[in-house]
Amino acid sequence: MIPFDYQRAEDTRSAVATVTARPGAAFLGAGTNLVDHLKLGVAAPDLLVDVSHLPFDMIEPLAGGGVRIGATVRNSDLAVDPVIRQRYPMVSAALLSGASGQLRNVATTAGNLMQRTRCPYFQDVTTPCNKRRPGSGCSALEGYHRDHAILGASRHCVAVHPSDLAVALTALGAVVQVEGVKGARSIPIIDLYRLPDDAPQHDTVLEHGELITAVDLPALPMATRSTYRKVRDRASYAFALVSVAAAVDVERGTVRDVRVALGGVAHKPWRARRAEEALRGAPATDDAFRAAAEAELAGARPLRDNAFKVPMARNTIVATLRELTRREEP
Amino acid sequence: MSNHVAVTVRVNGVDREIEVDPRATLTETLRDRLGLTGTKKGCDRGECGACTVLVNGRRVLSCMTLAVTAHGAEVTTVEGLSSGGELHPVQRAFLENDAFQCGFCTPGQVMSAVACIAEGHATSDDEIREWMSGNICRCAAYPQIVASVAKAAAELGGAAR
Amino acid sequence: MSTATRETVAGRVGDSAVRPDAALKVRGEFAYSSDLFADDMLWGATLRSPHPHARIRSIDVTAALTLPGVYAALTHADVPGENRYGLDHRDQPVLAEDVVRYQGEPVAVVAADHPETARRALDRIAVDYQVLDPVVDAELAMAEGAPVLHPECPGGNVLRHVRIRRGDPEATAEVVVTGEYRVGMQDQAFLGPESGLAVPAEDGGVDLHVATQWLHVDQSQVAHALGLPPEKVRLTLAGVGGAFGAREDLSMQVHACLLALRTRRPVKMVYGREESFFGHVHRHPALLRYEHGADRHGRLVSVRAEIVLDGGAYASSTPAVVANAATLGIGPYQVPNVRMDCWGVYTNNPPCGAMRGFGAVQACFAYESQMDKLAERLGMDPVELRIRNAMREGSTMPTGQVVDSAAPVAELLRRVRDKPLPPPADPTDPRDLPGGVANTTRGDGVVRGVGYGVGIKNVAFSEGFDDYSTARVRLEVLGGEPVVSVHTAAVEVGQGLVTVQQQIARTELGIARVTVLPADTGVGSAGSSSASRQSYVTGGAVKAACERVRDTLCALAATRLGREVGLVDGKLVTADGAVAASIADVLGDEVIERTVEWRHRPTFPLDPLTGQGNAHTQYAFAAHRAVVDVDVELGLVKVVELACAQDVGRAINPQAVLGQIHGGSAQGLGLAVMEEIQVVDGTVRNPSFTDYLIPTIVDMPPMVVDVLELADPHAPYGLRGVGEPPTISSTPAIVAAIRAATGRALTRVPVRPDDIALAGSASRPVPSRPEVPCD
């Protein structure tokens, strides 16, 4: 680990100014991913600005019926919040399917969104990786890539985003509130994350020094009937092979509206818009779910060893929608 | 070397003032600076749970916590659990149920179990499994761990501390 | 004086005595090797090869030595003795010389005043590698023209080939099934990483405190490499955070001693988790081809098999693994005609060696898969087929060895079969379903399957190895009470051996206060804590030493009392049962100390052409029934329950026996459904617990365990080794259950979701086999 300085942020403005002004500086939340990267040599900041105690630990109602989640709300607190559980159960389910009780006790909302890929090559500084060292090449493309992307990848990077929470937030259409030296801005989460293209070193569109302060959930009545499913190699304490966040509104057997996002399949949480389009107005049947899933996955380009993710994603979408619509129908 | 930072932290009821390297994790600080080697380093990457301690009453992984960030916090390690030679009910249950073999994961299991019970997550065997799944035991004394947590939870009144 | 004053002490053989180290362990006060500390100590670190195969042109440590706080940077040139070690063949360099043969092979070591400084010093060591093509396929490594990795090995890359020929190797049968199976590379994944503290001594020697499995085999290898007489290399056991075979080979032992001797300072080395994956051997990956022939009634006529075990870069215990896979490779069955060929092969993959059940684990997955396949072909119940062919006492092994103690294979199978089946899962509670807490399944497409497995393992060391243990037992009177101390070099790895030693001394001498002294090389070798052997061999040694102490005490008492007495429940008793004296009365200030070297019955080498010979001293058996729920759409498996029946001869500590059965079964479960080191072109891609998954408490199913105690007349107390058999049969039982639920062939472990739900549409599950037994 390269030596670095440590500052406890006084307030948001100074924290943002400090990090913006220093190219080697980084924000420190709970550190459950950053500390790992420091040890691995993946990250080598010269200054850590600790923002974990800044006053963003509230979950508050928004005008218009939405909910604002503060950036430093801990995952365990968010998961059990009564409003979240009742109105956005997929958020709760996503959080509780991730990591362990100990990690959720410290991991923050913003930190969860900003965590980086668990691609083994990204984490192994002795190997080429375009995300870690732009231009060095992608080792996973021909290497060990069972866990990697089937959608939206490029030849520069086939890594997947590891967050569960971000998948649920993507399905909900959450908006991320960001503070920068030039002021505040709001970024729909779907636009926060990038596909790798030829610059996989950038996971998000955030500028250096921009700080997430909150995540806004829209009022989305159908989200009361939502869930999150995660398929993985071990029944707990493991990252997703494939995950699905879905909410659905069914009336008399017909899908009125639906939200679907996929995890574990792309460089970003994958909003399944094609599947959603195919489902709106369609009958709430397995066949329609399967057709919608296949529409979404028609664009899948699996790698040598992860073709299984395509049927796995399809079956998980079908199973998740089936569960939600079955619950819907008395 | 890095600029050391003065940190005040209350460990097992005793206020400690130490200068720490910002790079030092809480695990390393407890073990190497304070001599509290009960907290184990099994993976140092948040994957096994052997380093579990309580920070301000919540269970956390000390290997993923920079010691500087514990400034002003109250930390409880396995050494701080029993008072006056008397075992904590969780420790006693682990001993009586033979809930370990090599014992390397045990301090983390015990600390996690104390918190699991306090959180109210020990009301059934299934729930105990779910909420103790962040603590790996390679000897797989899992059936005895479930039994121990359940027994201690009953003794402690479920969600009571 | 009356018999009424006698009472039996608690914690004897057969009791579930509490571990003497239990309180320390729950308090966090038990000192593991990574907890050791010495004033003025330095931290060692190891530079490892990033390449699986490369020539070393040069190594330059100059820049490392200029870093402030660095006290030594050593290479092969600094190894004073022979730069070679190894359990069986000394083929492994302490530090690489002109070539590296696996990724992670140690090349240089440094000592510095801070672990971080030591790591940075490693970055400053310049190694000029000429990268070579790695040999990564064991079958190709055996072929003509493959690059030879160890020129001194007479068989080319074939380190050992065991041939077994029994009966008519060309026998024909009415029904024949063939299969090809693969077993992935499993890791022991103990939680307490490799670590120890080396302290230079005044006499030019070194004291090493270390977590290991066999102090004396470490001592001899360390001394050889250091060029010191063994008595100048003194080892003391530090707390062991699990072993499972992975501590049988050296890791940091020589390195820490080298650095300590060079710097004249204590040196501590602790591996991190990633380094640990490179710091020890793994379970051999295997390719197994079988052909089973039977008559139409399901009686086995012949088994022909070829097994290729990938030993990786160095020999480690590969020769013994090959022998086990070969001699146990048809399973606990009576087969008149056997043709078995088993090879252990050098490659540039990570070195493989000891892991719980070695050799037997790989073979059992294959032969039990074959038995299921045969049952299906014959339309027979798989348990009935197994029972029909089950070995029993008096049966002959393919090696010609007659099994001369209990072999209740049929009984074990009946017991697991006859257990009530668990109720169906509650579809409203996702925790009861595949996928667990992630809410993955709501009961759609969940199919239950039931499968069986039975396995065989040899206990203790085989093939003529001089296998013994040494125990020193001391009896004295302290504070008016008799006190026993037991001193052995036998390693407690968590299996409960210190408890067992204490129980045996209490039983033999009737004395409550028994102290087991720290294990060290100050007493003779105890052999390894492996091969399920320590209760048998060190238990036997402690028992024998106690008997000597007892005889001496009784002789002394006879002299002092003027009549013959025996020792009963800690009192000296006359022939009519009356208490004649207490031990304190007889012994006074005298001390009785006896040291015994104890051996099990001899074993013999295998004939090199036919594989015939009485190679093993004891066999052990366990059977499992696995009940699984499989989400056939998502490929998720939940092991709902494991039933296990095992014969342990005599349960010295029933609670510890249960722990071993749980632990072994769980490791077999890990191999069945999740654990595999991913090696790509000789390079390990998942050296972490994020990517190498081991079972959590959620994956561990409830277990129903039957322990049989059919005494082996040749063994102390009739006991039979316990630790390995449950690891062996749980894997095939679980995979059989998944097959029953899915209809998939599943010829490779671990089975992962992609193996079950890979196909374009969710596979149409075949109904599981009838669960009503046939007999």
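In chain A, the domain assignment gives domain 1, covering residues 5-49, and domain 2, covering residues 226-328. The model is a predicted one, and in it the centres of domain 1 and domain 2 of chain A, taken over C-alpha atoms, are separated by 36 Å. An unreviewed UniProt entry lists residues 1-222 of chain A as "domain: FAD-binding PCMH-type". Across residues 1-222 of chain A, the end C-alpha atoms lie 47 Å apart, and the span is 29% helix and 17% strand.

The next topic is the interface between the other two chains. Here 41 residues of chain B are in contact with 42 residues of chain C. On the side of chain B that touches chain C, the elements that give two or more residues are helix 2 (89-96), helix 3 (106-118), helix 4 (125-131) and helix 5 (142-156) of chain B, and helix 5 gives the most, with 4 residues. Sorted by class, this side of chain B has 22 nonpolar, 9 polar and 10 charged residues.

Within chain C, strand 16, made of residues 446-459, is mostly covered, with 14 of its 14 residues buried. Which strand of chain C pairs with strand 16 of chain C? The partner is strand 24 (residues 618-631) of chain C, which pairs with strand 16 in the antiparallel sense over 14 bridges. Among the residues joined in this way, C:Val454 has C:Ala623 of strand 24 as its bridge partner.

Notes. Residues are numbered from 1 along each chain as its sequence is written. Chains are lettered from A and ligands numbered from 1 in the order in which they are written. This is a predicted model: local features need pLDDT of at least 70, side-chain atom pairs count only at pLDDT 80 or more; totals for chains, interfaces and linings use all residues. Two residues are in contact if their C-beta atoms, placed from the backbone, lie within 7 Å. Ala, Val, Leu, Ile, Met, Phe, Trp, Tyr, Cys and Pro count as nonpolar, Asp, Glu, Lys and Arg as charged, and the others, Gly among them, as polar. Domain bounds come from an automatic or database domain assignment. UniProt positions are given in the numbering used here, feature names are shortened, and annotations may be inferred rather than shown by experiment. A residue is buried if 20 or more other C-beta atoms lie within 10 Å of its own, exposed if 12 or fewer, and partly exposed in between; C-beta atoms are placed from the backbone. Two strands pair if DSSP finds at least two bridges between them.
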